[in-house]
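Please open the model in a viewer and keep the selection panel at hand.

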Amino acid sequence: MVKRLLFLASMGLVFSQATAQLTGLSDNFEDGVLAETWIGNEKFELFEVKNRLQINLKDPSEKEQFIWKLAPSVDLSAHPILDFKLKSGTVLTLIVQAVDVDGKTTDEFTVAEIGDLRTKEISVDFSKHVDKAKAINFKKINKIVFRVKSEDPTTMGIMYFDDVKIGTGGPSNGDTSPFPLSYDIRLNQVGFYPAGQKIAIIKDAPAGASFKIAQVPSYKIVYTGTIGAAAQWEYSEENVSVADFTAFTQEGEYVILIDGKGRSFNFKIKNQIHHEVAKASAKLFYFQRTAMPLEAKYAGIWARPAGHPDTKVEVHSSAASSNRPTGTFVSSSKGWYDAGDYGKYIVNSGISTYTLLSLYEQFPKVYDTVKFDIPESGNKLPDILDECLWNVRWMLTMQEPTEGFVYHKLTAHNFEGMTLPHEHTAQRLVVGKGTAAALDFAAVMAQSARIFKKFNKELPGLSDTCIKAAEKAWAWAVKNPNVAFTNPSDVVTGEYGDGNFTDEFLWAANELYVTTKKEEYTNGYPLANSYGVPSWAMVNTLGLYTLNNYKKEVAAKYDTAQITAKILKMADEIAKEANVKSPYRVPMGTYYDFVWGSNSVCANEAIVLINAYRITGKQDYLKAALSGLDYLLGRNATMYSFVTGYGSKQVMYPHHRPSAGDKVVEPVPGMLAGGPQNTNNPESGCAYSSDFPATKFKDNVCSYSTNEIAINWNSPLAYVSGAIEALMKK
Ligand code: 9MR
Ligand code: 9MR
């Protein structure tokens, strides 16, 4: 909020009264920071350079656009005029349209440019470009979109804008920065803890150069340091150096300045610097809720009607039982949407729900009081448990009551279109059964049973229900130890197929043992020889975390020194990568880390480190975990902060149906994009601009293999940011 107000002030808004509707906005591009309301993309790269807006054209099609967002909206009814200066070195036609809050647009206004680099003064009177039938609401215009057309097969080049004014405009602020923004300085765009490690990565730094930390907005130099030696990061093939300013601990807002390069994005140094990210990443689960309307009170501008009640779900032949044959209907309401799609998948719900619940289980004192502003915030349960309950209650409905198996997923036959949840009516089905679904379900239910036991008064009987369900699913899996799920031929939604169940058996056994202390869950389930960074398909380490969290209780059956040793073995390797080996000083350190959803690999690596820190108290582990968060918030080779709503260069076009289908410019906040990945994208017509594992990323809704969001990616982000906040607390 403060940020927005400050930013609006710096753009020179005209408020006739504090609450009055804006009638104009202007930007002269002279404050040295391109306002976040200018939204480019890979086809239109936007920079504020030399007191004007520079637009690098990278072969945009006629459909692609860049945007000037008018936050929250501007009343143009008295003066529907856009003025700006345009200069171009490329022969093209520029198209300008105003868009209202409901998405209605003016007709296209076109400017032909001759590409001679002479400045043209353009004035667009939108009232002359309206189709009456479309009835645009000039009282609430919330963005101006720009597109280009060109006769050339490719449109490369540069265009400049200056002195842009909409409506009555507003005084321009005189706060100028002599420093251009440099994309060669990569850092956590949110900021740093006074007592934490603080580093930036500098690409192609002059050898032995110095860097400076300057206060914003005075640009007063407060710290000078030397840039370290350069090394090549093999995953981006960039030559990078470390600028370490850990020694500078004073709270405030700053930029890094480097001669010959310019300035970094703004960042802050303050206690609880990741508090907001921790809250928003957990609140994302509320935004993913099915079957309930999201009210403006809790969801703000992302309010939407309820979608997918799932009270009449058809049993697919792959899921049939004698009790519930093919074609019968069951109710399987609540739960979270899995990702950018509208499916609900048990396997992925397993690790996602576990990870959020374990944040509570490991930091109960902190999460007893953290509020997410959700409908249940007033009740006696901690908000994080209320949120998990929304999904746990759904998961319970996914167990076939007689035989005890668990449906693999609940989706329509096909992926639905990119529109809001309530706009979909395709028949939903429960599909498949399998060993992985049964065991992941058993693990989460066993964990839920022991957590909710403490709240028996508020949730009478729930703990018992959960443990019974867990043991029943386990018994089914023991009798059916090798049932792999593959999509039936008439269902094409997410598969979450896995053919190796050793890790699922171990995880479920560990959870069941800790909750029940029954020997059947330890006999035959010794610690594994090797453990891996968790993912939806590799879950044995989740059980190891639980054994570690209940060392005293499991000491009779497990060698607790071995539990420690196995966690530290993983953590040592990751910490060495992040603290010593990696030129970017990040945990991401193998080619295989850059898979679909690579950002969740980074977050899960940080969780390994946090577990190691909780055991040993060694700062190296916490420092490396923090580097994982730094990576996600901007210290990476794409330069994006991968968390929507946070950072200067944010992901704006995630593959997320609600965000694509609403009329809101900003995507739902707190979402972690999947991240770059090492294989070629399966999406046709959605090419990356780069070819390295750490840079193959595209902030475009088309790029579901790099820019989707998912609950199993957000839950480790919520864990890491929440745990680090708790552990760094002064
Ligand atoms: O939108 C779907 C996304 O949620 C999935 O992760 C992805 C991979 O399973 O598939 C996406 O759907 C695409 C489908 O696979 C192929 N046709 C285009 C769909 C995207 O609009
Ligand atoms: O996270 C999944 C990833 O490991 C797979 O490689 C990918 C393709 O099968 O699917 C991912 O999961 C998607 C799921 O199938 C459907 N909902 C969206 C998930 C995230 O993209």
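Which residues surround ligand 1? In this predicted model, select ligand 1 together with its shell: Asp-341, Phe-415, Trp-596, His-655, Arg-657, Tyr-704 and Glu-708. By class, this shell comprises 3 nonpolar, 1 polar and 3 charged residues.

Next, display the side chains of His-655, Arg-657 and Glu-708 beside ligand 1. A polar atom in the side chain of His-655 is 2.7 Å from an oxygen atom of the ligand. For Arg-657, a side-chain N or O atom is likewise placed 2.7 Å from an oxygen atom of ligand 1. At Glu-708, the distance from a polar side-chain atom to a ligand oxygen atom is 2.6 Å. On its own, ligand 1 has 450 Å² of accessible area, of which the protein covers 58%.

Now move the selection to ligand 2. Its surroundings consist of Asp-338, Ala-339, Asp-341, Tyr-345, Gly-494, Glu-495, Tyr-496, Trp-536, Trp-596, Glu-708 and Trp-713. The shell around ligand 2 divides into 6 nonpolar, 1 polar and 4 charged residues.

An N or O atom in the side chain of Asp-338 lies 3.0 Å from a nitrogen atom of ligand 2. Trp-536 places a side-chain N or O atom 2.9 Å from an oxygen atom of the ligand, and for Tyr-496 the corresponding distance to a ligand oxygen atom is 3.3 Å. Of the 450 Å² that ligand 2 exposes when taken alone, the protein buries 77%.

Remain at Tyr-496 and inspect its backbone. This residue, which is not a glycine, has a positive phi near 45 degrees. Tyr-496 belongs to the loop between helix H8 (462–479) and helix H9 (502–516). Is Tyr-496 buried or exposed? With a relative accessible area of 17%, Tyr-496 is buried.

Proceed to Asp-204, in the loop between strand S14 (199–203) and S15. Here too phi is positive, at about 50 degrees, in a residue that is not a glycine. Asp-204 is partly exposed, its relative accessible area being 42%.

For the last stop, select Val-216 and Pro-217. The peptide bond joining them is cis, with omega of about 10 degrees. Pro-217 occurs in the loop between strand S15 (210–215) and strand S16 (221–226). As background to these backbone stops, most residues other than glycine have a negative phi, and most peptide bonds are trans.

Conventions: Residues are numbered from 1 along each chain as its sequence is written. Chains are lettered from A and ligands numbered from 1 in the order in which they are written. This is a predicted model: local features need pLDDT of at least 70, side-chain atom pairs count only at pLDDT 80 or more; totals for chains, interfaces and linings use all residues. Side-chain values use heavy atoms; hydrogens and water are left out. A residue is near a molecule or strand if one of its heavy atoms lies within 4 Å of it. A polar contact is a pair of N or O atoms within 3.5 Å; within protein, one must be able to donate a hydrogen and the other to accept it, and residues adjacent in sequence count only if both atoms are side-chain atoms. Accessible areas come from the Shrake-Rupley method with a 1.4 Å probe; for residues, only the protein chains shown count as cover. Ala, Val, Leu, Ile, Met, Phe, Trp, Tyr, Cys and Pro count as nonpolar, Asp, Glu, Lys and Arg as charged, and the others, Gly among them, as polar. Helices (H or I, at least four residues) and strands (E, at least two) are DSSP runs, numbered from the N terminus. Buried means under 20% relative accessible area, exposed over 50%, partly exposed in between (1.4 Å probe, protein chains only).
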